[in-house]
Number of protein chains: 6
Amino acid sequence: MAGFELAERAKVLLEALPYIREYYGRRVVVKYGGHAMVEEQLKETVMNNLVLMHYVGMEPVLVHGGGPEITDIMKRVGKKAEFVNGLRVTDRETMELVEMALTGKTNKSIVSLINRQGGRSVGLSGKDADLIVARKMEPGGADIGFVGEVEAINTEIIDILVREAYIPVISSVGVGADGNTYNINADYAAGEIAAALTATKLIMMTDVTGVLADKNDPVSLIPELSADQAREMIASGQIDKGMIPKVEACIRALEGGVERTHIIDGRIPNALLMEVFTNEGIGTMIVP
Amino acid sequence: MAGFELAERAKVLLEALPYIREYYGRRVVVKYGGHAMVEEQLKETVMNNLVLMHYVGMEPVLVHGGGPEITDIMKRVGKKAEFVNGLRVTDRETMELVEMALTGKTNKSIVSLINRQGGRSVGLSGKDADLIVARKMEPGGADIGFVGEVEAINTEIIDILVREAYIPVISSVGVGADGNTYNINADYAAGEIAAALTATKLIMMTDVTGVLADKNDPVSLIPELSADQAREMIASGQIDKGMIPKVEACIRALEGGVERTHIIDGRIPNALLMEVFTNEGIGTMIVP
Amino acid sequence: MAGFELAERAKVLLEALPYIREYYGRRVVVKYGGHAMVEEQLKETVMNNLVLMHYVGMEPVLVHGGGPEITDIMKRVGKKAEFVNGLRVTDRETMELVEMALTGKTNKSIVSLINRQGGRSVGLSGKDADLIVARKMEPGGADIGFVGEVEAINTEIIDILVREAYIPVISSVGVGADGNTYNINADYAAGEIAAALTATKLIMMTDVTGVLADKNDPVSLIPELSADQAREMIASGQIDKGMIPKVEACIRALEGGVERTHIIDGRIPNALLMEVFTNEGIGTMIVP
Amino acid sequence: MAGFELAERAKVLLEALPYIREYYGRRVVVKYGGHAMVEEQLKETVMNNLVLMHYVGMEPVLVHGGGPEITDIMKRVGKKAEFVNGLRVTDRETMELVEMALTGKTNKSIVSLINRQGGRSVGLSGKDADLIVARKMEPGGADIGFVGEVEAINTEIIDILVREAYIPVISSVGVGADGNTYNINADYAAGEIAAALTATKLIMMTDVTGVLADKNDPVSLIPELSADQAREMIASGQIDKGMIPKVEACIRALEGGVERTHIIDGRIPNALLMEVFTNEGIGTMIVP
Amino acid sequence: MAGFELAERAKVLLEALPYIREYYGRRVVVKYGGHAMVEEQLKETVMNNLVLMHYVGMEPVLVHGGGPEITDIMKRVGKKAEFVNGLRVTDRETMELVEMALTGKTNKSIVSLINRQGGRSVGLSGKDADLIVARKMEPGGADIGFVGEVEAINTEIIDILVREAYIPVISSVGVGADGNTYNINADYAAGEIAAALTATKLIMMTDVTGVLADKNDPVSLIPELSADQAREMIASGQIDKGMIPKVEACIRALEGGVERTHIIDGRIPNALLMEVFTNEGIGTMIVP
Amino acid sequence: MAGFELAERAKVLLEALPYIREYYGRRVVVKYGGHAMVEEQLKETVMNNLVLMHYVGMEPVLVHGGGPEITDIMKRVGKKAEFVNGLRVTDRETMELVEMALTGKTNKSIVSLINRQGGRSVGLSGKDADLIVARKMEPGGADIGFVGEVEAINTEIIDILVREAYIPVISSVGVGADGNTYNINADYAAGEIAAALTATKLIMMTDVTGVLADKNDPVSLIPELSADQAREMIASGQIDKGMIPKVEACIRALEGGVERTHIIDGRIPNALLMEVFTNEGIGTMIVP
């Protein structure tokens with residue numbers, strides 16, 4: 001490596017120092033999903049980023065939903081989607097397939113990737129130590145099966161793992177007081193977990209650049225929003241349907257005491273580091 | 001409850017005291033499998049037994065292999081068994097289905113059952129914290145796919161969970177240095193884990209009464225064997241083929257410093273308690 | 001042991017689980033006295049019960065008054081009872097004999113019995129670490145000598161011993177600010193100690209079945225009373241004179257935050273276990 | 001107080017500094033007995049000395065035998081001494097009286113005195129936490145009843161109390177594996193306890209000035225002896241019979257790793273402080 | 001040493017016990033200065049006193065200003081004092097010389113003296129761990145250079161050193177938010193540090209006997225003053241100019257929760273011990 | 001910042017990860033000296049580098065000798081160098097000036113710089129907690145005054161400060177058993193401290209590029225040497241005189257168990273980061 005390059009590298013490291021100092025010993029919840037969960041190279045990069053964040057003193061906690069593994073197993077089994085009043089139904093068989101894919105495959109492959117990068121990781125589902133207690137959702141009174149929402153987050157096992165220097169990886173499966181298994185929207189799960197941990201940051205990895213001022217104009221990115229502005233944009237229909245759960249999860253986290261929440265473009269390599277180690281960050285930041 | 005019954009009950013509790021004292025603060029590895037993993041009522045009872053063992057001061061660690069969930073998913077997907085030189089092959093697709101069933105379904109349903117009985121449980125696969133490091137098996141040089149044997153057990157995460165009063169539940173999936181996933185025989189995994197923990201006891205739950213003197217005579221149960229006697233019986237073909245891995249796992253555990261190993265009949269309700277809280281125990285005990 | 005018997009035994013152990021869970025890590029103060037302190041077989045059984053309670057996670061603390069050792073030493077010395085206005089007087093010589101018998105003999109023989117049963121016990125009098133600070137009682141202004149009542153309980157030494165896994169055994173001797181030794185009624189001492197520890201339970205071992213609805217009818221046992229009901233029964237003279245201190249000690253403990261108090265028949269073998277490990281319990285329960 | 005006196009006082013305190021530094025955080029076992037246990041003023045002074053030693057950082061442990069309380073109770077009960085082959089017999093009744101006086105009276109009155117001087121003390125007999133395990137002595141095959149010698153010292157409870165800043169006060173009563181109570185010579189008990197604790201110092205309080213060169217000449221005090229010299233003096237009959245157990249206890253302590261042992265005159269007020277805070281010390285020092 | 005002398009010595013030690021008990025585990029801030037910082041014999045004695053105070057359980061913290069080392073270096077360098085509006089100016093060069101003398105010489109020679117007396121000491125300036133944060137003083141708007149007053153005291157490093165059994169020695173140099181070095185009056189620094197630590201005592205060592213009723217009459221010592229009385233005496237000009245900072249530092253400490261403050265004559269050998277270990281103390285005590 | 005730049009920056013951070021992982025929780029002793037101690041911009045950069053190293057999990061310890069402050073004060077005072085047999089003499093006055101400059105000025109200005117960069121630092125001289133115990137050097141029997149060599153390093157205070165997350169900054173002043181102050185060569189002091197701490201790395205900051213194959217050819221840098229090769233080069237006179245102490249300090253550190261030692265060019269900005277965060281490193285590495 002040439003002397004010039006060495007010098008440049010050192011300079012970049014030094015410029016990261018203020019951010020390292022700021023997040024030292026603080027919790028950062030990352031919602032992992034979308035394209036970054038599909039493409040092999042991106043997956044490795046995300047895990048590498050998390051390991052780096054861990055080593056420079058942050059306490060990252062990863063929450064994920066389903067990746068391509070769910071679609072895959074559903075197809076293999078030949079399971080078709082059912083609808084009740086236009087709502088997708090999660091019957092018992094679907095729930096089982098979802099849980100197997102999420103918790104048995106996606107979760108453990110993330111854990112294994114982190115470990116191979118020199119990190120230390122343990123995977124959890126919401127059933128472990130009753131981490132995510134759920135209750136059945138019945139939107140408009142309709143029975144859409146084993147779809148749940150968060151009733152309580154028991155953070156004890158997360159606290160233990162973080163204190164012991166592990167990166168917890170959590171699949172968004174909940175357990176009901178009735179012992180049933182519930183599928184939980186991973187965005188909301190991440191928001192609730194960030195709130196329960198009073199994390200410093202919640203970062204939602206998506207497949208778009210962030211919240212747009214004009215949902216049809218991809219270059220109309222809004223860099224910063226207050227929670228109130230975000231609520232208004234949802235109320236007035238300005239926010240794209242697919243983006244709504246992400247924004248709501250951010251609002252929920254802010255209500256729970258999280259300082260900053262971010263919706264970033266997970267398709268960009270090293271998006272996490274770009275967000276965490278620069279002043280401008282990337283994507284949209286929603287603050288209290 | 002009549003006075004007489006109350007008095008009897010108190011007497012039984014008192015008779016358990018010497019066993020409680022003996023195993024106080026000591027680790028007991030239980031290999032869970034067979035019928036006890038299939039029948040709903042038995043499953044609940046096993047978990048209840050574990051919770052009781054935990055509350056009276058033992059430190060139980062559960063290791064399990066596949067239950068009916070594997071067969072079920074294989075059937076649903078329409079996957080057929082392949083053979084190479086008469087050996088069953090675990091190709092990548094099979095390994096994925098096995099992992100999903102074992103780790104995503106069996107493991108978490110056990111965890112959830114324990115939690116519902118008032119215990120505290122966290123499920124692990126061999127990938128979590130690199131708990132079970134595996135290497136590929138090539139019996140007679142044949143490539144039978146993702147079948148592995150234990151190379152190393154990293155007990156740190158077990159130690160942490162036990163110290164924090166959780167019951168660890170471990171699925172017998174290993175991770176290779178190459179990052180591949182390997183299916184590990186659960187009997188051997190249990191033996192290796194017991195050895196790595198220098199557990200006090202290893203208890204193998206099976207679907208037979210124990211080791212038989214005459215493998216064709218179900219009432220010829222041998223109550224106690226030394227490791228040497230067990231080795232001889234294997235060498236001379238006296239032990240039933242299905243029983244061999246269980247006996248070998250016991251021998252391996254004894255070599256690793258475990259004090260007593262037991263092969264018991266998991267079809268009997270409360271078999272664990274019968275073994276742990278009585279002098280005679282049940283099944284076959286193999287000792288150093 | 002026959003298979004049937006083994007199965008019964010396991011079933012009984014399992015039925016104890018809810019109670020074990022409920023009292024795990026919680027303090028139970030036992031007032032030891034009466035016949036259970038006299039008969040050798042009963043004494044051993046009580047200590048056995050305490051050791052079992054300790055091993056299944058409760059934190060028992062024993063408080064005792066005088067057994068036959070006091071009567072015995074008084075007789076040997078030829079000391080006669082004196083009375084002032086009809087009240088029994090504890091002069092200095094009597095106090096010395098009482099202290100010697102209580103603290104030097106009764107207390108240490110209990111400690112030794114517990115140790116021989118595999119428990120770990122340390123005996124204390126109210127002088128050790130100023131555990132029971134007393135003030136002189138002068139009922140109706142009469143001077144009846146070294147009879148005292150509790151002024152303060154210093155729980156530090158109990159906390160230390162319990163944390164270090166010992167069963168504290170406490171004789172009801174108090175020390176005055178004036179340095180004098182005072183005889184304290186053991187029922188009241190137990191009530192005050194339970195209150196100071198905010199114990200979960202106080203169990204008074206007596207020689208009757210409990211509180212009777214009709215003090216002349218031994219089968220009129222009242223299974224449960226509120227503190228208010230108990231106060232009324234005392235006020236209206238419905239409670240037998242010998243039972244009053246026990247009921248008052250229970251009321252005092254409840255005022256201090258104890259959850260449940262019990263007056264049980266110590267003549268029944270394993271009465272403690274019967275109370276602690278069953279839903280109905282035995283004797284009379286007085287609750288807030 | 002005049003300035004001159006203040007200055008003198010400060011000077012004395014400063015001269016104590018080297019000794020305070022030397023014994024900081026180190027254990028000093030004191031055998032308490034003789035006249036210092038009888039005379040009220042002396043008793044208070046001894047306890048005061050112990051409290052001071054505690055506050056300047058030493059860790060004193062007191063071991064005592066019987067004071068006048070034993071003689072007193074024996075007389076009151078009218079118990080006469082019995083002899084077998086010229087040896088005094090401790091029958092069961094005598095043992096009970098001795099234990100009551102030692103543990104119920106002497107021990108607790110010492111504890112109470114220390115507490116009143118602002119110290120923190122807990123009294124123990126050899127039965128507490130099986131502190132002194134004894135075996136029956138049969139000198140020349142004769143059965144002299146419940147007289148024992150030390151078989152083992154379990155120091156755990158002493159370690160706990162010292163760490164928690166209490167001064168342990170130990171009566172020389174032992175418990176046999178057979179559950180029997182044994183009277184133990186307090187000098188030997190102190191020697192064994194000092195050895196088991198690897199104390200820095202053992203100080204024996206006696207009623208003489210120390211070991212004499214000529215046992216009939218009270219001014220022939222030997223200031224320092226080696227263990228070997230002491231052994232020789234015993235062998236050659238130069239040591240007074242009453243002094244032998246004290247010297248032997250010192251030798252035993254030295255064998256167990258104690259650095260210095262002292263036989264001092266407990267009749268002198270503040271003898272402990274004189275020994276501990278001066279270079280010359282008082283009495284006879286026996287060293288390895 | 002004669003027996004009589006030994007006895008006297010023991011008596012003096014015992015008389016110190018109540019004071020040792022009272023200050024056990026409590027912080028005592030000592031402002032070191034004046035003649036006691038100049039004369040070799042006195043210096044050693046002060047350090048000896050501190051070491052003794054440490055060993056008997058107090059937690060002394062020493063704060064010092066400049067001794068003869070400052071004058072010395074100024075003279076050697078040939079630096080002359082400058083004045084602005086009659087105020088002495090500390091220009092950058094003077095500040096550097098002051099810092100070097102205070103922190104590089106006075107401070108370390110105190111530390112070394114304590115260590116040689118068997119104590120354990122670490123020296124600190126206000127720059128270490130940002131212990132003394134200062135702001136520039138501009139009396140009457142005049143710029144007198146690098147003279148500062150205390151803005152904040154960060155006690156963390158003191159807490160750590162005291163917990164680890166070191167005696168912290170602090171030079172009264174402050175650091176500004178601007179990175180500049182400021183000279184701080186050592187009396188005020190000591191008062192602020194005592195307040196920040198909520199010390200039990202602040203002792204100011206001076207070259208006079210204390211606060212005088214008549215500032216021209218050296219025998220008119222006032223033994224005790226309330227803070228209000230002290231404020232009034234300052235307001236009415238009754239207090240000598242040189243004494244004012246000392247009295248004000250005491251008042252500041254009292255406002256911050258210190259229990260007692262003392263102005264004593266450091267020219268008397270062992271003045272610290274005289275103050276701490278006697279009832280009358282010496283000098284003037286100012287109380288809330 | 002442009003997207004491209006952000007991406008580059010993230011990439012550099014990720015490339016640092018293997019080095020961060022390798023040195024996590026490990027001690028790195030840095031000898032600070034030469035030009036890097038003179039030039040303001042370089043000084044800030046070095047401190048910044050140390051703070052970064054601290055935040056990414058290393059445990060840096062800084063050792064420094066004299067900078068321009070010594071020359072400066074000597075000149076101001078008008079002190080001239082003296083020689084004995086051609087050796088420079090450190091008389092008492094010189095030693096005082098050296099100590100004041102080193103410990104009172106250089107040391108504290110480094111501490112203050114680190115604190116202003118967001119680090120946490122405490123300065124120490126060898127006198128604090130007797131960190132550097134020295135003995136007088138008498139080269140060839142000549143008395144050259146207060147020049148010493150290391151006799152012992154007491155690491156306790158370093159261990160405490162590192163554990164409490166401070167960066168210790170140590171000036172190379174030693175204290176003799178005789179209480180005298182000794183000037184210690186800072187290179188050797190750093191080597192001894194690295195050895196005493198069994199540091200992972202020792203980095204010597206110099207004003208040259210490293211060890212040269214031909215001492216007259218500045219581009220003949222040797223990137224790596226074994227300790228044996230280094231010893232030979234010294235023996236054969238191949239190493240420049242000014243470089244010898246640095247190489248010997250490295251050898252001493254390696255003998256004490258340090259894994260790698262480095263002689264780097266401190267004139268290059270961020271030389272520390274370049275060494276620590278790249279594979280090639282810079283300068284000369286000397287290994288066991």
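Predicted model: local features only at pLDDT ≥ 70, side-chain atom pairs only at ≥ 80, totals over all residues.
1. Chain F against chain E. Contacts link 29 residues of chain F with 29 residues of chain E. On the chain F side, two or more residues each come from helix H3 (68–77), helix H4 (92–116), strand S5 (121–125) and helix H5 (156–163) of chain F. H4(F) supplies the largest share of this side, 13 residues. The class composition of the chain F side is 11 nonpolar, 7 polar and 11 charged residues.

2. Chain B against chain C. Here 28 residues of chain B are in contact with 28 residues of chain C. The elements of chain B that give two or more residues to this side are helix H1 (3–23), helix H2 (40–55) and helix H9 (271–276). H1(B) gives the most, with 12 residues. By class, the side of chain B that touches chain C holds 19 nonpolar, 5 polar and 4 charged residues.

3. Burial of strand S5 in chain A. Strand S5 (residues 121–125) of chain A is largely enclosed by the rest of the structure, because 5 of its 5 residues are buried. In a regular strand, side chains alternate between the two faces of the sheet. Both faces of S5(A) are covered: one side carries the buried residues A:Ser121, A:Gly123 and A:Ser125, and the other carries A:Val122 and A:Leu124, also buried.

4. Pairing of strand S5 in chain A. S5(A) pairs in the parallel sense with strand S8 (residues 167–171) of chain A, over 5 bridges. Within S8(A), A:Pro168 is the residue that stands opposite A:Val122.

How values were computed
Residues numbered from 1 in each chain as written. Chains lettered and ligands numbered in written order. Contact = placed C-beta atoms within 7 Å. Helix = DSSP H or I, 4+ residues; strand = E, 2+ residues; numbered from the N terminus. Nonpolar A, V, L, I, M, F, W, Y, C, P; charged D, E, K, R; others polar. Buried ≥ 20, exposed ≤ 12 C-beta atoms within 10 Å, placed from the backbone. Pairing = 2+ DSSP bridges.
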